Amino acid sequence: MQALGQHLAARRLVPPLVGLVGDLALDQQLRELPALRFALERHTPRPCNPVARTRIASGAVQRQAEVYARGVAGTKPLIPTDPRRLEDAARARLTPEAYAYVAGGAGSETTIDANRAAFERQRIVPRVLRDVSARTTSVELFGRMLPAPILMAPVGVLELAHRDADLAVARATAALGVPMIFSNQASVPMETCAAAMGSSPRWFQLYWSKNNDLVASFVRRAEACGCDAIVVTLDTTMLGWRTRDLDLAYLPFLRGKGIAQYTSDPVFRAMLAGEPPAPAATVKRRVTLHSLSALLQMTRAYPGGFVANLRSKAPLGAVQHFVGTYSRTNLTWEDLRFLRERTKLKILLKGILHPDDARRAVDHGMDGVIVSNHGGRQIDGEIASLDALPAIVAEVQGRIPVLLDGGVRGGADVFKAVALGAHAVLVGRPYVYALALAGEDGIRELLRNFIAEFDLTLGLAGLRDPREITTEALAAARS
Ligand code: GLV
């Protein structure tokens, strides 16, 4: 009876509270709930944080208050807040092939482990008795204020996780003003995502294909979509030795998945009229149930009506042309001029792990580098991104922003990367898991959790602004 009474009281209390999250009046109302008092503290967003004030508030206080207030009404978060439980829950939801593609890495996956181990070796050393009541998580990047030093990494083939795929990411990021990097291997064309994003920041990730007209077309489309930057991924000129995918003999692109930027491109569609390049391997063709199912998947994935696609050779041709043109292994530093001459957008090089390459990026007029080993998907035994970061930061000396991805699993990781000199980090697999579990809402929740944990870590470490985070806040753990 008492429980029912509490439930009814909570039902009356919670909706207006939750609906008002972000409004500072909420603090006063929630403070009346003894069970929630511990979740609250005086927290006044600083006026220098226009992004966080105008979009969904994601500071630690608001996020915690919302979670606990909803709990009074018996509602649990949509996605687990613990990154390991998040992955476990997503694994149970995804097909074995989809999970393998997302979670997998190269070889025995020691690079994935190294990325995490590098974060774990860095320990945060908090300072106390500092007034941290007024904080901001905002950072400036390429002239934009971001709610936190966080971007969404480009991740391909999101249709494996959820039917809304990239569109769910576009909507969720736009609600918070977190930049989305459109994947070259997206499941939804960039124009469709851009149309759902208002003025929220977006970049485009480019795989440099064998056809420079196609490269130029992708860049033109990115400009027309309002992208601020092109991210050239340099570490995937060939797909890594992905043991999980190999064991399942599964590559989504061969089923027409993850090639929506191509099938929506005028240059690529014109290529379909010609003969596809010869495949790297020929296997004796046998019609089996599996090959028919793959053909149906290609047909479904191709734009246009299913019946018309079934009659056309375009779906199979698109896969063949994609495989033949996807990437160039003979790309060199000189090729960057082609891009520089074609666009005024910022250009960042992704996959930089050596300080000399970072210096060359500066010398070649690049606007930023992303320290990355592609989430451990490319080379087994590769250096961890976080371990590579300090030498690159020292080499670049603040001339261009240095970003990082690989192993970022929560707000405390964001703090550590920033302490080691990253301007911002890219989050990858966690958002795919959130997408698999709860679509757009799941990603929004994940981002709010990331920002909340970053805000808490900042304040509990005795700091008030990402600009105050330095290596002084870290101690390397003794092994
Ligand atoms: C492609 O970007 C991949 O990592 O699979």
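Author: Start with the ligand. G156, Q185, T236, H374 and R377 surround it. A residue is near a molecule if its C-beta atom, placed from the backbone, lies within 6 Å of it. By class, this shell has four polar residues, one charged residue and no nonpolar ones. Ala, Val, Leu, Ile, Met, Phe, Trp, Tyr, Cys and Pro count as nonpolar; Asp, Glu, Lys and Arg count as charged; the others, Gly among them, count as polar.

A word on the source. This is a predicted model: local features need pLDDT of at least 70, side-chain atom pairs count only at pLDDT 80 or more, and totals for chains, interfaces and linings use all residues. Residues are numbered from 1 along each chain as its sequence is written.

Now take H374 from the shell. H374 lies in the loop between β9 (368-371) and α20 (385-396). Helices (H or I, at least four residues) and strands (E, at least two) are DSSP runs, numbered from the N terminus. The phi of H374 is positive, about 60°, although H374 is not a glycine. H374 is buried, because 23 other C-beta atoms lie within 10 Å. The cut-offs are these: buried means 20 or more other C-beta atoms within 10 Å of the residue's own, exposed means 12 or fewer, and partly exposed is in between, with C-beta atoms placed from the backbone.

Compare A249. A249 also has a positive phi, near 50°, and is not a glycine. A249 sits in the loop between α12 (243-248) and α13 (260-263). A249 counts as exposed, because it has 9 C-beta neighbours inside 10 Å.

Next comes I112, in helix α8 (residues 110-121). I112 counts as buried because it has 23 C-beta neighbours inside 10 Å. Leaving aside neighbours within four places in sequence, I112 is in contact with G105, G375 and G376. Contact means that two C-beta atoms, placed from the backbone, lie within 7 Å. I112 and G376 are 264 residues apart along the chain, yet their C-alpha atoms are separated by 4.6 Å. Across the chain, residues 24 or more positions apart account for 74% of the contacts with a separation of 6 or more.

Now the wider setting. The chain has 22 helices and 12 strands. Of its 479 residues, 49% count as buried. The largest nonpolar core has 132 residues, and V369 and V425 touch the most other members. Helix α22 (residues 429-460) gives the most to this core, with 17 residues. Such a core is a set of buried Ala, Val, Leu, Ile, Met, Phe, Trp, Tyr and Cys residues joined through C-beta atoms within 7 Å. Beyond four places in sequence, the contacts of V425 include P149, I150, L403 and V414.

Last, confidence. pLDDT is the predictor's confidence in each residue, from 0 to 100. The chain's mean is 89, and 86% of its residues reach 70 or more. Over residues 1-56, pLDDT stays under 50. Where pLDDT is low, the predicted coordinates should not be read in detail.
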